[in-house]
Structure formats: structure tokens, C-alpha cells
Amino acid sequence: MSNELTDTKFVIDRTIEEQVDIIRKPWENSPYYDSAEKWTFIFWDQDRKFKPYFDMLDTTAMLELSCGHGRHAEHSAKLAGKLTLVDIIPENVDFCRERLKGFDNISFELGKGTSFPNTADESLTAIYCYDAMVHFLPDIVEAYLKDTARVLKPGGRALYHHSNYSASNRLIKGGTPGARGYMTKDLFRELATSAKLNVLKQEIIDWGGHQDLDCISLLEKPC
Ligand SMILES: C[S@@+](CC[C@H](N)C(=O)[O-])C[C@H]1O[C@@H](n2cnc3c(N)ncnc32)[C@H](O)[C@@H]1O
């Protein structure tokens, strides 16, 4: 473990279950879901940052982590063979089930916040997570990266939009810009490498008027 991570764990005196609980709560019945719909183009327009990375995924057997109300699945389901949607809030999974009932290639899973539920080893060609891992703290990111290495097929890839905010460890929504969790590009790279994932690309991006707040990382499980 790096000093950076050890220091972070020292400051965050909460179990991983407590962290999951704290981070989940603000997203229950949140006005976020409706207001975020108008910004969905940021992820899916070809001339924006995210879509060229998405185009580097093999979408045969794909999973979206933290699907919220399904605004991304409206796009990705059309490009996927099979798509699994995972969220930690039951109402979100139900909302997606209703919203996306016209698609016959989507399945839905309720997660517990640190791993991919009901997902067999080496069963996925791709995972993506947009505008959600940015809130997770290092323990949760580390857990998901370990499970990413378990569920991806060799050569499978994960596209993660995560935080690059390290000025404070405050957990409370509103306490950091955009409710970002503590993370850096380099710490994420180190956690991914420890999980035996190759880091193919990383790009620091601005978000919500904050310079260099986030990062896009493209990972690959070695063949
Ligand atoms: C800001 S919303 C983003 C939703 C969706 N990705 C979008 O862009 O519209 C954050 C999402 O992360 C989910 N979430 C929070 N903690 C989680 C965890 N530990 N594991 C998986 N999902 C989590 C919430 O339920 C919520 O759906």
C-alpha cells in the first residue's frame, strides 16, 4: 500500500460498509436523476471526451455499474450484445426495469456496494461507470477494481470515470466539489495495477467548472 492510500485510510475512520452507506444515502429519491438527463450528451456525443473511449470497448457482454435511472443505458443498450445494469438502490433498479422494458438484451441486479452481484468469473467483455465512482472513497474503488479483475474475460476492458480530487477526505455530500470522494489519477493507477489490471489510458478532465476534478481511466485485464 502506498503512503497516499495508508494516509487516506488513517483519516477515514469508517468501515467499508459505513462508507458505502454514507455515499449511497444522498442518491435515494434525489432530484439529481431528472436534472442530469439534460447533460447526458456529454457522455454520448462523438465529439466529447467519453464516447471515443467507449468505442474502445468490446460491447458483447457489458455491465454498467451504478446505472441510476438508466439515462446511459438508453444509449449503451443499442450498442451492446448483453447489458447488465447494477445499482445499490432498489428503487433505481426498479426504475430502470420500467424505463428500459422495450429492450430484450438488458438484465438488472441490485448490488451491495463493493462488488458485481451474480456475475460469474471472466464473464464480461466490458464494464463502464459514469458519474458515480467519482463519489466513491478509495476502499470502495479498490474493492470494485479487485472484482473487475475477477469478472472481466482476459482482454476485457473497464472504463471508469472517477475522482481526481485529493484536497480533503470529507464524506458529506456538499463537503467537496461535486461531492467528490478522495482519489487521484496516480492512486487509481496504483490500485488498478495492484488488482492486476493494465492501465491503457488515463485523462484528467474538468467537471462542473472545476479544473482537473475528474479522470477517465481505461483498464484491461491481461490475456
Ligand atoms: C450521481 S448518481 C449517477 C447515476 C448514473 N450513473 C448517471 O450518470 O445518471 C450515483 C449513483 O451511484 C449509485 N451508488 C452509490 N454508491 C454505490 C456503490 N457503492 N456501488 C454501486 N452504486 C452506487 C447510486 O445509487 C446512484 O445511482
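Colleague: What makes you call Lys-185, Leu-187, Phe-188, Leu-191 and Ala-192 in helix H9 buried?

Modeller: Each of those residues in H9, which spans residues 185-194, falls in the buried class. A residue is buried if 20 or more other C-beta atoms lie within 10 Å of its own, exposed if 12 or fewer, and partly exposed in between, with C-beta atoms placed from the backbone. Helices (H or I, at least four residues) and strands (E, at least two) are DSSP runs numbered from the N terminus. Bear in mind that this is a predicted model, where local features need pLDDT of at least 70 and side-chain atom pairs count only at pLDDT 80 or more, while totals for chains, interfaces and linings use all residues. Residues are numbered from 1 along each chain as its sequence is written.

Colleague: How do you know that the buried residues of H9 line one face of the helix?

Modeller: Seen down the axis of H9, they fall within an arc of 165 degrees, so they line one face. The arc is that of the directions from the helix axis to the C-beta atoms. As background, an α-helix has 3.6 residues a turn, so residues three or four places apart point the same way.

Colleague: What comes just after H9?

Modeller: Lys-196 takes a positive phi of about 70 degrees there. Ala-195 is in the loop between H9 and strand E6 (198-207).

Colleague: Why is H2 called roughly perpendicular to H8?

Modeller: Helix H2 (residues 16-24) and helix H8 (residues 138-151) pack at an angle of about 105 degrees, with axes 9 Å apart. That makes H2 roughly perpendicular to H8, since angles of 65 to 115 degrees carry that name, those under 35 being roughly parallel, those over 145 roughly antiparallel and the rest oblique. Axes are lines fitted to C-alpha atoms, for helices over the stretch in contact, and angles run from 0 to 180 degrees between N-to-C directions.

Colleague: Which residues meet where H2 packs on H8?

Modeller: Ile-16, Gln-19 and Val-20 in H2 meet Asp-139, Ile-140 and Ala-143 in H8. By class, that makes four nonpolar, one polar and one charged residues.

Colleague: Why is Thr-15 exposed?

Modeller: Thr-15 has 10 other C-beta atoms within 10 Å, so Thr-15 is exposed. Thr-15 lies in the loop between helix H1 (3-11) and H2. Thr-15 and Asp-139 are 124 residues apart in sequence and 9.0 Å apart in space, C-alpha to C-alpha.

Colleague: What sets Asn-29 apart in its phi, and is Asn-29 buried or exposed?

Modeller: Its phi is near 50 degrees, a positive value in a residue other than glycine. Asn-29 sits in the loop between H2 and helix H3 (32-36), and with 9 other C-beta atoms within 10 Å, Asn-29 is exposed.

Colleague: What makes Glu-122 partly exposed?

Modeller: Glu-122 has 13 C-beta neighbours inside 10 Å, so Glu-122 counts as partly exposed. Glu-122 lies in the loop between strand E3 (106-110) and strand E4 (124-129), and its phi is also positive, near 50 degrees.

Note on methods
Two residues are in contact if their C-beta atoms, placed from the backbone, lie within 7 Å. Ala, Val, Leu, Ile, Met, Phe, Trp, Tyr, Cys and Pro count as nonpolar, Asp, Glu, Lys and Arg as charged, and the others, Gly among them, as polar.
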